[in-house]
Amino acid sequence: MKYFKLFIEQLKYSWVKKFSLQVTTLLVLMGSFLAVSLTLLFLTNFNTTVNSFGEKFEVSVYLTDQNIEENKSKISKIINDSGLFKDVSFVHKDQALQNFKLKMKKNMPSFVLEEKSINPLPSSYALKIKKDFNSKAGFTKISEFADKLMGEEGVDEVAYGQVWASKYTSFLKTYKLLSVGIVLFLILSIILIIGNSIKSSISQRRKEIEVLELVGASRSYIRMPFIMEGAFMGFLGAGLSILVTYLAYSWIVNVAESNMGVLLNGMSLHFLSITLCVAICFLGIVVGSVGAAVCINRMNSGWAATNE
Amino acid sequence: MITFSHVYKTYPGPNHALVDINLNINRGEFIFLTGPSGAGKTTFFKLLSGFDKPTSGQVEVLGDNVSKLTSSAIPNFRKKIGVIYQDFKLIDDKTVFENVSLPLKVQGAKDKYITERVMDVLDQVSLTHKSKAHPMQLSGGEQQRVAIARALIHHPSLLIADEPTGNLDPALAEEIMTLLEKVNAQGTTVFVATHDLEMVKRKNKKQVEIKKGIINEIL
């Protein structure tokens, strides 16, 4: 409570007496966190988009024409037991032909009218994979499952866009590594920027620190208000950056929906999750207070008043 | 009250700033520390006020062994003494009232007591009417009186001044010395480092002369 009172006094003093310095520090903090927030916003939406490609991914299992009904139940059990798929649908070869005719109605009317045409289409299963398997490990499991299924009697072919899937999973891996790298790089950068900004802010108050030492202020009396102010400034900078990011996001969504509705193709943009917003604010508090603590530690040695 | 026994202070070089200093100062005394520039006055002052430690020997001030003060014990030691500098060491963007009240705020005194005590001590230095002014709005003499008020506010037993009149003209210097004499008359031990020998002669107080780091004479 004692330190909180000191902190409030110091905050009032800083904002009234050193307004321009405080505003500059806050802008630097906000700018640094804005870079993190915007990057996270981009990565969040890019991640959603990338994952949505995976969710549309399908596996097709083509059956031979012999003993379809007999094989169907056996293959159906293998598919369900695998636990890899969220949606399983069976299309009999007769139904496949009907569907094909419906699609070709306009282009090949004579073919549609033929009552007894040869049916070259196989019976098949269309399998939609679960979200959990939208990764390299997931695709390895699907690949193993496909190989296993190929060995079963009654299965003619299993197709799942092997080449595309392989490239997609490699891309996912690179993308995740790159995302982590970018976020870590930004966090390290803001620690340096914020550290220097707070250092400059505290350096300008060196004389005050000297005088406080001179009149017998304890270390915690001198340091705590600076550390709490650092934490507060970090929190404020991070909070404001989230607000600016939200305004930017709202503007982008507005522009995208009114001008690029077709391009979005039903894809929706998402703002940062609450957890991520809280994490950014927490990062602000930690970086702000640690930066201030490191800086004040160098200046408040207990002997500052004599080191001129 | 103050005891220096076989005190040596050597800086890298080696530069022997103080050599075998032995001195006893009693409660209520008014002492001048004199000597030419580079004689060791400032080093002596730093040891006395707990801003440095001796290389060897014992410095005992108000019952504390300065030689063995730890960083965490320094604040408590400084709360017992009052220190005045030649360059005043006031915080420019705090008012006179705020500057003077600092030692009491640091000690956690109640706001009501702080207000009463600050006005009382400002009255002693005849600056009550300047309580809301900032240091830059004051003359050199007034700034030094603010520094004295700050050094006195917590009733220190020992007041140490390093060249308190060094930046002032003779009239203002006399005014400050008179003020320090008044403080001494109230029972506070006053220790003044100065090179103004004319003033020292006029005041006729106990004088410790230091030359090349050695106490030359105690008059």
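**Entry 1: pairing in chain B**

I began with the term on which the strand entries rest: two strands pair if DSSP finds at least two bridges between them. I also recorded that the model is predicted.

I looked up which residue of β4(B) stands opposite Ile2(B). I found Val61(B) in that position. The two strands concerned are β1 (residues 2-11) and β4 (residues 56-61) of chain B, and they pair in the antiparallel sense over five bridges.

I then turned to the pairing of β1(B) with strand β2 (residues 15-25) of chain B, which is antiparallel and runs over seven bridges. Within this pairing I noted that Val7(B) has Ile21(B) in β2(B) as its bridge partner. I read β1(B) and β2(B) as a hairpin with three residues between them. In its turn, I noted a positive phi of about 155 degrees for Gly13(B).

**Entry 2: the sheet of chain A**

In what order do the four strands of the open sheet in chain A lie? I recorded the order β2-β3-β1-β4, with antiparallel pairing. I marked β2 (85-91) and β4 (155-159) of chain A as the edge strands, since each is listed as pairing on one side only. On average, neighbouring strands of this sheet are turned by 15 degrees against each other, direction ignored.

I followed strand β1 (residues 58-63) of chain A to its partners. Five bridges join β1(A) to strand β3 (residues 124-129) of chain A, and the two run antiparallel. Ser60(A) has Ala126(A) as its bridge partner in β3(A), and Tyr62(A) stands opposite Ser124(A) in β3(A). Four bridges join β1(A) to β4(A), again in antiparallel runs. There I found Leu63(A) opposite Val155(A) in β4(A).

I next checked what lies across these strands. Helix α3 (residues 68-82) of chain A lies across β1, β2, β3 and β4 of chain A. Its angle to β2(A) is about 170 degrees.

**Entry 3: the interface**

Two residue pairs are in polar contact across the interface of chain B and chain A.

**Entry 4: salt bridges**

Over all chains the count comes to 17 salt bridges, and between chain B and chain A it is two. Glu210(A) forms a salt bridge with Lys89(B), with the closest N and O atoms 3.9 Å apart. Lys207(A) forms a salt bridge with Asp92(B), and here the closest N and O atoms are 3.9 Å apart. I noted why this pair joins two chains: Lys207(A) lies in helix α8 (residues 206-214) of chain A, whereas Asp92(B) lies in the loop between β6 (81-84) and α3 of chain B.

Methods:
Residues are numbered from 1 along each chain as its sequence is written. Chains are lettered from A and ligands numbered from 1 in the order in which they are written. This is a predicted model: local features need pLDDT of at least 70, side-chain atom pairs count only at pLDDT 80 or more; totals for chains, interfaces and linings use all residues. Side-chain values use heavy atoms; hydrogens and water are left out. Axes are lines fitted to C-alpha atoms, for helices over the stretch in contact, and angles run from 0 to 180 degrees between N-to-C directions. Contact means heavy atoms within 4.5 Å. A salt bridge is a side-chain nitrogen of Lys or Arg within 4 Å of a carboxyl oxygen of Asp or Glu. A polar contact is a pair of N or O atoms within 3.5 Å; within protein, one must be able to donate a hydrogen and the other to accept it, and residues adjacent in sequence count only if both atoms are side-chain atoms.
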